[in-house]
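Please read the points below with the sequence and the structure side by side.

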Number of protein chains: 2
Amino acid sequence: MDIATPTLLLDEKKCRQNIAMMVEKAARNQVRLRPHFKTHQSAQVGEWFREQGITAITVSSLRMAQYFAAHGWNDIMVAIPMNIREMGLVNELASRIQLHVVAVNPETVEALIGQLQYPVNLWVKIDTGYHRTGVTPHSHQELDHILNLTTRSELLRFAGFLAHDGHTYKQTEKEEIQTIHNTTVYLLNLVRDRYKNHFPGLQLSLGDTPSCSVLEELRGVDEIRPGNYVFYDLTQQHIGSCTYEQIAVCMACPVVAKHPDRNEIILYGGSVHFSKDNLLQEDGSVIFGRVVEFTPQGWSAPLADAAVVSLSQEHGVVRIHNKALFDHYRIGDVMGILPIHSCLTADVMKSYLTLDGRRLEHLSGVPQW
Amino acid sequence: MDIATPTLLLDEKKCRQNIAMMVEKAARNQVRLRPHFKTHQSAQVGEWFREQGITAITVSSLRMAQYFAAHGWNDIMVAIPMNIREMGLVNELASRIQLHVVAVNPETVEALIGQLQYPVNLWVKIDTGYHRTGVTPHSHQELDHILNLTTRSELLRFAGFLAHDGHTYKQTEKEEIQTIHNTTVYLLNLVRDRYKNHFPGLQLSLGDTPSCSVLEELRGVDEIRPGNYVFYDLTQQHIGSCTYEQIAVCMACPVVAKHPDRNEIILYGGSVHFSKDNLLQEDGSVIFGRVVEFTPQGWSAPLADAAVVSLSQEHGVVRIHNKALFDHYRIGDVMGILPIHSCLTADVMKSYLTLDGRRLEHLSGVPQW
């Protein structure tokens with residue numbers, strides 16, 4: 001393999017299959033798929049979605065919206081509470097695309113009203129149990145206040161309510177994910193029922209990779225916004241969202257040292273390449289990646305008894321509980337490692353190498369405008 | 001403050017004081033200071049070292065060596081087991097600077113012998129107790145083998161033994177750090193004694209910010225290689241390496257939502273801005289940063305009862321156990337956060353903003369050659 005330094009490999013075929021799977025599921029459930037592009041952040045990967053009919057997307061920063069707008073996307077939701085310090089960029093984007101922003105507090109809506117120059121779609125975030133951010137469904141006074149504010153500006157178009165079930169990431173049972181999902185759909189519909197007379201067109205949007213992957217029925221909402229499923233990773237496999245075979249990205253790292261006395265291999269590949277997320281194991285230890293073998297088609301399923309057990313800034317330590325396998329690797333070999341959290345690994349790696357040798361860009365490798 | 005998005009602030013005065021402190025300590029101990037530049041990775045910050053007489057540096061990748069060589073540094077140690085897949089770059093660098101590389105296994109030395117075209121200084125890494133990588137001091141056969149190999153090439157110049165006491169990062173008592181340091185100095189000298197007749201000029205190099213910060217006496221070695229002290233961070237403050245006042249970098253993040261019901265503030269600033277390292281608290285919880293107030297001179301000491309308690313990809317959650325302080329922050333304000341691990345925060349932020357408004361570069365924001 002012609003790789004000299006840590007490299008993020010992308011299996012285009014698996015990635016396109018993941019994209020197709022969710023397109024098909026959304027169609028079957030008659031919900032709009034507005035995939036979250038924060039995982040791949042790549043103009044070229046975006047095209048694979050476009051080829052499958054996707055026209056509306058989700059991003060997690062205004063800069064990301066600007067990037068994808070520059071690549072021809074014109075219906076973009078920025079699914080993080082609006083940063084009112086970037087009103088200049090909001091107006092710039094709103095002048096040329098259908099921009100959707102999110103508010104949690106009245107102050108954000110007031111800032112929008114005061115400074116908007118072009119039409120923007122406003123979504124109100126509902127906290128359905130994850131408790132990161134959002135208005136709780138029973139906070140009627142707060143919701144009334146925000147929704148009343150939206151009627152004060154002709155440029156501000158109240159679009160509906162959105163939620164993110166981040167707590168599905170802590171589950172490993174389909175039934176638990178189903179209960180979280182049902183709860184969120186129920187709560188969003190409660191809120192819709194309260195306001196649908198005043199805002200007849202209001203929509204409901206939710207999205208997280210575990211529920212959108214694990215569940216076959218996704219009813220009761222208008223839109224889903226999963227993101228990670230484009231690549232998946234070991235965290236999603238642990239949750240049950242995917243099989244190992246569906247994971248579409250893999251790190252390739254040179255072996256730089258070997259320690260036969262403790263069956264450890266040192267990789268050139270550390271926290272600046274993988275990021276620092278880990279996955280708790282049944283024995284209480286944590287791992288930072290799993291070892292795969294490269295094959296003519298890509299890479300194998302993870303090898304048993306081999307894992308990345310620690311990460312320094314540029315080094316990774318792989319422990320292999322199998323003497324023959326340990327001996328098989330030589331200094332200068334390239335080892336394949338499935339990442340724990342593909343969103344963060346892609347963000348620090350800043351580009352992809354496809355299995356047929358093409359370099360695809362990631363926004364974090366694109367110089368700041 | 002004219003900041004719209006998450007920004008890494010750099011207090012040049014504190015940074016220069018940190019640089020000067022270690023220059024003075026090295027001079028007093030008559031050891032060469034070869035600071036590790038992996039923390040700042042910035043050509044401009046490098047100049048502040050040069051102004052204080054530094055001529056030899058440490059880096060953690062050949063790309064980083066290439067970057068600093070392009071900025072006029074010509075004595076560079078790449079303190080990670082040599083990646084033999086980058087021999088082209090090794091030769092390119094060795095043709096124009098004094099390049100120092102590290103080996104742990106004979107195979108690496110053999111690859112160097114077979115492919116070197118220009119002189120390179122070779123250091124052998126000794127594992128003095130951290131157990132990440134290195135040859136243990138009692139592995140005489142391994143050491144004999146490696147050192148014999150070095151005599152086979154006129155281009156390979158055996159320079160000496162180096163160690164990294166990464167286990168000092170787990171300590172919070174000066175005495176423990178002193179014991180680790182003394183052990184390493186003792187072990188390195190044992191190894192030197194064994195080989196000094198055959199290699200009379202061989203040197204000893206060690207380096208980690210905790211021991212170089214906490215201890216006043218750094219004798220028995222020729223060179224120290226601390227790096228993080230250029231900025232310090234909350235991890236180093238926790239260890240006892242620095243005071244809060246010495247921390248020279250601070251994140252500035254916009255407030256995008258408020259949750260008065262649970263005293264939580266949502267920042268635009270997540271794991272793609274801070275990286276994911278955390279700091280364990282006495283109560284068993286972890287934090288991802290501490291809140292400071294901006295002042296005309298920079299920023300304050302951390303506020304009591306306020307910390308970043310979780311990080312998503314782009315959001316951070318700050319919990320403030322003080323109603324008046326919570327109320328003081330408004331949506332659209334910029335909050336100051338001291339980072340847990342400045343090396344990784346700088347790596348993901350990709351640039352710095354000095355307090356007088358200059359942008360300094362970080363290698364990770366420089367497009368790949």
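Which residues are buried in α3(B)?

1. Conventions. This is a predicted model, in which local features need pLDDT of at least 70, side-chain atom pairs count only at pLDDT 80 or more, and totals for chains, interfaces and linings use all residues. Residues are numbered from 1 along each chain as its sequence is written, chains are lettered from A and ligands numbered from 1 in the order in which they are written, and side-chain values use heavy atoms, with hydrogens and water left out. Helices (H or I, at least four residues) and strands (E, at least two) are DSSP runs, numbered from the N terminus.

2. Helix α3 of chain B. The buried residues of α3(B) are B:L62, B:R63, B:M64, B:A65, B:Q66, B:Y67, B:F68 and B:A69; buried means under 20% relative accessible area, exposed over 50%, and partly exposed in between (1.4 Å probe, protein chains only). Because 8 of the 9 residues of this helix, which spans residues 62–70 of chain B, are buried, the helix is largely enclosed by the rest of the structure. Its buried residues pack against α2 (43–51), β3 (57–59), β4, α4 (87–94) and β21 (359–361) of chain B; contact here means heavy atoms within 4.5 Å. After α3(B) comes B:G72, with a positive phi near 90°.

3. The open sheet of chain A. In chain A, 8 strands make up an open sheet with parallel pairing, in the order β2-β9-β8-β7-β6-β5-β4-β3; two strands pair if DSSP finds at least two bridges between them. The edges are held by β2 (32–33) and β3 (57–59) of chain A, each with a single partner strand, so one side of each has no neighbour in the sheet. Helix α3 (residues 62–70) of chain A packs on this sheet, where it touches β3 and β4 (75–81) of chain A, and its direction makes about 170° with that of β4(A). Such angles run from 0 to 180 degrees between N-to-C directions, with axes as lines fitted to C-alpha atoms, for helices over the stretch in contact.

4. Strand β11 of chain A. This strand (residues 264–268) is largely enclosed by the rest of the structure, because 5 of its 5 residues are buried. In a regular strand the side chains alternate between the two faces of the sheet. Accordingly, A:E264, A:I266 and A:Y268 point one way from β11(A), while A:I265 and A:L267 point the other way. Strand β10 (residues 249–259) of chain A is joined to β11(A) by 4 bridges, running antiparallel, and A:H259 has A:E264 as its bridge partner. The two form a hairpin with 4 residues between them, and A:N263 in the turn has a positive phi of about 55°. β11(A) also pairs with strand β18 (residues 315–320) of chain A in the antiparallel sense, over 5 bridges.

5. Strand β18 of chain B. Of the 6 residues of β18(B) (residues 315–320), 5 are buried. It pairs in the antiparallel sense over 5 bridges with strand β11 (residues 264–268) of chain B, and likewise over 5 bridges with strand β17 (residues 306–311) of chain B. B:V317 in β18(B) stands opposite B:I266 and also opposite B:S310. A hairpin of 3 residues connects β17(B) to β18(B).

6. Cavities. How many cavities of 30 Å³ or more does the structure hold? There are 7. A cavity is a set of points on a 1 Å grid over the protein atoms alone where a 1.4 Å probe fits but cannot get out, and lining residues have an atom within 4 Å of a point. The largest has a volume of about 110 Å³, and of its 14 lining residues the closest to its centre are A:S275, A:V348, B:S271, B:S275 and B:V348. Helices α10 (271–274) and α12 (342–349) of chain A, and α10 (271–274) and α12 (342–349) of chain B, each supply at least two residues of this lining.

7. Residue B:S275. B:S275 lies in the loop between α10 and β12 (279–280) of chain B. Its relative accessibility is 10%, so B:S275 counts as buried. Beyond its neighbours within four places in sequence, B:S275 is in contact with B:G270, B:L311, B:L344, B:T345 and B:V348.

How values were computed. On a 1 Å grid over the protein atoms alone, a cavity is a set of points where a 1.4 Å probe fits but cannot get out, and a pocket is an open set with protein on both sides within 12 Å along at least five of seven lines; lining residues have an atom within 4 Å of a point. Grid points are joined across faces, edges and corners, and a volume is the space filled by probe spheres set on the points.
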